[in-house]
Amino acid sequence: MGRVAVMGAGSWGTAFSVLCADAGEDVVLWARRDEVAEEVNRDHRNSGYLGDAELPMGLRATGDPAEALEGAEVVVLAIPSHALRLTLRDWSEFYPRSATSVSLIKGIEPHTRKRASEVIRHVLDVPDQGVVVVSGPNLAMECARRLPSATVAAGTGPEATRRVQAMCHTPYFRVYTNPDLVGVELGGAIKNAIALAAGMAHGMGFGDNTKAMLVTRGLAEMTRLGLAHGGNPLTFAGLAGMGDLVATCMSSQSRNRHVGEQIGRGRRLEDIISEMNMVAEGVKSSRALLEMAKERDVEMPIVEHVVKVVHLGQDPKEMVHALMTREPKPEFHGLDRPAPGALSGGLA
């Protein structure tokens, strides 16, 4: 095992630090605010994000990014997608280029429509094989409380991917590998936009049939865009696709579902966001995802109407009417464009 720097002490960054420390790694957690680092070191808690969840005694935290990155064999990035590029530029001078870079980020850079792994490779000029994405149904509080869960480590470099698998695999957290980095990364971003719609449905008082419809039709949208970008359809039937989609759309712990639920109850987005200390990636990423879909001529009606509600002020009730009165189509419409070398058919 070796030195792991986890850059970002929000809920998921801190919980991922717990996984790595429990797996036997030497973990340093970077916190943007000094008081968070002090609490982690003094009380072995991050109460602002994870309540009274107990952190490992050996987990260290610092407010100095250079200190956190010094000597790291693996650098885990747990910062919002919209801040990634500028943050990496600020760290460029002391970022260890030989380290494996791991993205926990489930969003799309708004103005470039780039996935986090693409931003990392571009800003740091590191090889594709040195970047790994971790994504799955990983609600941070449950992981921090060491409840059984699983995730996917995806990358084009088998050695780096296996290293990441080993560094966070524990008796309560299983890690599977997948070479489909694009599909895994897109799944993590798209599910957040779908979760906004699922939350709206809950907020408007609709039942489980409605939520199940949104999850499965959301999966179809996820798979269509994933295939258009070269993803493997099997990825979207796995942990980073359907698994993450179900957890995020159905759990009250999901920040994206929470935002959608509050919108469904008639509240303004600005008021909802102002009350949160965590980022709901789907709010900013939904627009970028829709643009990506338009570029590839992919139909994503749920994402399209989420954008209309969140960014253009459409009433959620109008969204429901628009989606339910669309022209009827075959269930697997648009799912006949397999990725090169991937399995195809009705699997999605």
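Which backbone nitrogen does a side-chain oxygen of serine 254 reach to within 3.5 Å at the start of α13? That of asparagine 256.

First, the basis. This is a predicted model, so local features need pLDDT of at least 70 and side-chain atom pairs count only at pLDDT 80 or more, while totals for chains, interfaces and linings use all residues. Residues are numbered from 1 along each chain as its sequence is written, and side-chain values use heavy atoms, with hydrogens and water left out. pLDDT is the predictor's confidence in each residue, from 0 to 100. Its mean over the chain is 94, and 97% of the residues reach 70 or more. Over residues 339-348 pLDDT stays under 50.

Now the sheet. Helices (H or I, at least four residues) and strands (E, at least two) are DSSP runs, numbered from the N terminus. Two strands pair if DSSP finds at least two bridges between them. The sheet is open, has eight strands with mixed pairing, and runs in the order β3-β2-β1-β4-β5-β6-β7-β8. Its edge strands are β3 (60-62) and β8 (173-178), each pairing on one side only.

Take β5, residues 100-103. Thr100 and Val102 point one way from the strand, Ser101 and Ser103 the other, and all are buried (under 20% relative accessible area, with a 1.4 Å probe and protein chains only). The chain gets from β4 to β5 through helix α5 (84-91), in a right-handed β-α-β crossover. Right-handed means that, with the strands pointing away from the viewer, the path from the first strand over the helix to the second runs clockwise. β5 also pairs with β6 in the parallel sense, over three bridges, and there valine 102 has valine 132 as its bridge partner. β5, helix α6 (116-124) and β6 make a right-handed β-α-β unit.

Back to α13, residues 255-264. Eight of its 10 residues are buried, among them Asn256, Arg257 and Glu261. What covers the buried residues includes α9 (181-203), α12, α14 (269-274) and α15 (281-295), where contact means heavy atoms within 4.5 Å. Just after the helix, glycine 266 takes a positive phi of about 100°.

Notes. Buried < 20%, exposed > 50% of the residue type's maximum accessible area, 1.4 Å probe, protein only. Polar contact = N/O pair within 3.5 Å; in protein donor to acceptor, adjacent residues only side chain to side chain.
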